[in-house]
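User: I would like to learn how to read a strand pairing and a helix packing. Can you take me through one model?

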Amino acid sequence: MGIRFILMVNKQGQTRLAQYYEYLTLEERRALEGEIVRKCLARNEQQCSFVEHRNYKIVYRRYASLFFLVGVDNDENELAILEFIHLLVETMDRHFGNVCELDIMFHLEKAHFMLEEMVMNGCIVETSKSNILSPIQLMDKTS
Amino acid sequence: MNPFSSGTRLRDMIRAIRACKTAAEERAVVRKECAAIRASVSENDQDYRHRNLAKLMFIHMLGYPTHFGQMECLKLIASAGFPEKRIGYLGLMLLLDERQEVLMLVTNSLKQDLNHSNQYIVGLALCALGNICSAEMARDLAPEVERLLQFRDPNIRKKAALCSIRIIKKVPDLAENFINPAATLLKEKHHGVLITGVQLCTDLCKVSPEALEYFRKKCTDGLVKVLKDVVNSPYAPEYDIAGITDPFLHIKLLKLLRVLGQGDADASDCMNDILAQVATKTESNKNAGNAILYECVETIMSIEDNSGLRVLAINILGRFLSNRDNNIRYVALNMLMKAITVDAQAVQRHRATILECVKDSDASIRKRALELVYLLVNDSNVKPLTKELIDYLEVSDQDFKGDLTAKICSIVEKFSPEKIWYIDQMLKVLSEAGNFVKDEVWHALIVVISNASDLHGYTVRSLYRAFQTSVEQESLVRVTVWCIGEYGDMLVNNVGMLDKEEPITVTESDAVDVIEIAIKHHKSDLTTRAMAFIALLKLSCRFPTCSQRIRDIIFPYKGNLVLELQQRSIEFNSIIEKHQNIRSALVERMPVLDEATYSGRRAGSLPATVSTSNGASLNLPNGVAKPTAAPLVDLLDLTSDDAPAPSSSGGDFLQDLLGVDLSPASSQTGTSAASKTGTDVLLDLLSIGTPSPVQSSSSTADILSSIQDNKTSVATLERLSSPSSHSAQASSPAGASPVMDLLDGFTPNLAMPVYPSVVAFESSSLKIMFNFSKPPGNPQTTLIQANFINMSPHVYTDFIFQAAVPKFLQLHLDPASSNTLPASDNGSITQSLRVTNSQHGKVSELHFFIIYTFFPVLILGFMT
């Protein structure tokens, strides 16, 4: 298992989406999110996109006001995860059309469905945007 | 009703939460919503079930408890419609986890859905199972998943593959069932199935050696071909990232090849060409290309040796390292750490660049680089590297100093070529970042200083100089205080000047100034102050002219709120004032600390004999060794009702006493056991002593009941001391006086040809008689028949008698006649001791102590 959790956090440090692929209690999650967000938000543009925290490596990337944070194992390919974050954003862009924080907030379940098509149990499922989106579009059509 | 068109109220809730200005407001909104949801749940409201769950997911994301919604998930999953199922499964994955009992209830629904005719529902069930299944569920549902690996739709196959990963991780026994289907997946064309199939194979290799062997034999060629096809594939818009087709698939394939090639020359051979192709042909101007190169380098480093490829890989890393992009530099450092085991020489070439990275403004890069530098250090480059790091220590920011200091200290300790260099570097670190230095580090420094007898003068003078500028650095202050206490005279008299040193003039009162500053400095903590007190006591003897001033410094602390300081103040004051005659012996220089013992103890190989609370400070015999002393203090404290002053600073004193008692003997031989360390003796004694109570006293109740006995035996201490001429102010010095008395008393005996029996010890509770005899023809041996008589009304169980002699004597203790001593003079125990003196005519002492049920009676001296 490579990916341990995926977080989307806004500039104020509020969580907008959280998906964990390992068990953590609610308290542990809150503490972890707080610590990581504080660490990552304090960094500037020039610094690298990787932060080591406890036994995780956090790969993060900022898009406008939204931070995408992915916690991975130590032996994961950091650059690939960075590329994966970009793929996730592009996929959401294609669906929502220039995705923003509010899209994710008000369509939390859809964001989760997309993520579900991309990552399962911490592994990458699919890398083609149209394959990822087709079940979701199908749903939208029928409803 | 459609769950996603009914979002108005979900929207309202999110808006309300967004509008909250404070956390308290948010909590109030969430509480209200949760109450509404609970009500709706208890009414079993079907229409709003999905909406409720959507809200709960949002609330859960914000970090509020949502357990009451778990059953709703199950109900939604069990319903027939796809939209309900979908939100139900999502809720299942978010709100539940594998540890909850509720999860068992879902197994049946999952099984039905895995067999559903609608492939999207099958997909949902697979996804949920892949994310949350437990071991039991894995066993129950593995056959379904296995079947689905051959499903006609590739979207199901890919999910089934990832689901299998979860299953084999939960139940590794099931791995063999998946080997064949997994191998089939590798022949697929669909990228989704391929990438998941490759991941499944990788995980199978991890859990099952058979799978690894199988894939190595049957699939290596196939995988190499797949990789070749992907690398050479024409433009595919769906998978293209920066001109590369599906970099994710590239990376997963390289990862699996790494697993297969590791430790297998044939497989490694097989992939050489394609690896070389990837390493040379991949564009490195975009992140995606670099990600592939990075993975490729790791694979090259891990598979069996191919020098050509390795050169290629190291060159790529060199290019990465000089890249301007921090991300690329970070991964380069990361990779170099792995490469160092393969080709240390090649990594050394980049040393200068790596050292620059330690000074980078980015904390992540600094941390990586520092770890790498640590691995790069060897005997030949330790000096320049340490110098660089210490220079950087001065300017580094506060957050980084802790890590940096720890690494420098570790390097210095590990590689130091000579003692003087070690001491110099440590002093630099202490004066630069003494507050970040761990206790073990300065403890070790003191041990080293103590062992470097020719550098004592140099060290104490360097410390004196460093102290003037770095009084803020706590651990520097401690080491300085300790050294001045021990070697203050060398500081003042410039003993042992080295050529490179500049002479300094330090007066006795300058030295005392240092200690006084350390005591009065606002940042000094208890340990520092306590150490400073000891140092002052020692100086009071070494610098008689300052004695009065030292008293004036110590005396005001007699009312200090901190008990430790108060106690030391009172005791030391009375030593300075009233015990001139024993003071010099009390404050002798510490015996050389034993490095082997120290490092052994540090490594934790020696169990902490006495106290586990703070094992590290055991190593500091100079008064700070409080925990060592504690048990003794405790024991003596039992007695303190009668004793005029509580047993002074307990163990410290006892250590000193022991050191004093034994040193006359040891200084003659130089090899005596006592000359090792004061602590050791104490530890030895205690280590003999402590196990016995453990064996003997079966319960605390026993201990409590024996206190009575203890009390009486405490009295023995006093009684022993009372005839002695010294006024017994503190019981420890009192303990010493009988030693002297006995010494005095025995001297005439030495001349006598007939040895009278001696009452070695007598109190209201215990009497010990010694009968001496010399076996004919062997003047070096003395036989001692010890007779123990219990005068108290209580039975002593587990009575143990122990004795210690200096090294030039040999002591043989025969087993005692019994270990139970009847009460009220109703019988006795006898035990023989045979003492052989290898240096005839030398005066010696016998230290013994006795343990009955709990309490060790202290030491008596005796001569042959």
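**Strands and helices in chain B**

Analyst: This is a predicted model. Start with one strand pair. Strand S5 (residues 781-790) of chain B and strand S8 (residues 828-837) of chain B are joined by nine bridges, in the antiparallel sense.

User: Which residue in S8(B) is the bridge partner of B:Leu783?

Analyst: B:Arg834.

User: What holds such strands together in general?

Analyst: Strands of a sheet pair through backbone hydrogen bonds, parallel or antiparallel.

User: In what order do the five strands of the open sheet in chain B lie?

Analyst: The order is S3-S4-S5-S8-S7, with antiparallel pairing. Strand S3 (758-762) and strand S7 (809-813) of chain B are the edges, each pairing on one side only. On average, neighbouring strands of this sheet are turned by 25° against each other, direction ignored.

User: How many residues lie between S3(B) and S4(B) in their hairpin?

Analyst: Three. S3(B) runs antiparallel to strand S4 (residues 766-773) of chain B, with four bridges between them. In one of these, B:Val758 has B:Phe770 in S4(B) as its partner.

User: Now the helices. How is a packed pair described?

Analyst: By the angle between the two axes and the distance between them. Take helix H23 (residues 419-433) and helix H24 (residues 439-451) of chain B: their axes come within 11 Å and cross at roughly 145°. The crossing of H23(B) with H24(B) is left-handed.

User: Which residues of H23(B) and H24(B) meet?

Analyst: H23(B) brings B:Lys419, B:Tyr422, B:Ile423, B:Met426, B:Leu427 and B:Leu430. H24(B) brings B:Val441, B:Ala444, B:Leu445, B:Val448, B:Ile449 and B:Asn451. By class, this contact has ten nonpolar residues, one polar and one charged.

Notes:
Residues numbered from 1 in each chain as written. Chains lettered and ligands numbered in written order. Predicted model: local features only at pLDDT ≥ 70, side-chain atom pairs only at ≥ 80, totals over all residues. Heavy atoms only, no water. Pairing = 2+ DSSP bridges. Helix = DSSP H or I, 4+ residues; strand = E, 2+ residues; numbered from the N terminus. Axes fitted to C-alpha atoms, helices over the stretch in contact; angles between N-to-C directions. Left-handed = near helix turned anticlockwise from the far one by under 90°. Contact = heavy atoms within 4.5 Å. Nonpolar A, V, L, I, M, F, W, Y, C, P; charged D, E, K, R; others polar.
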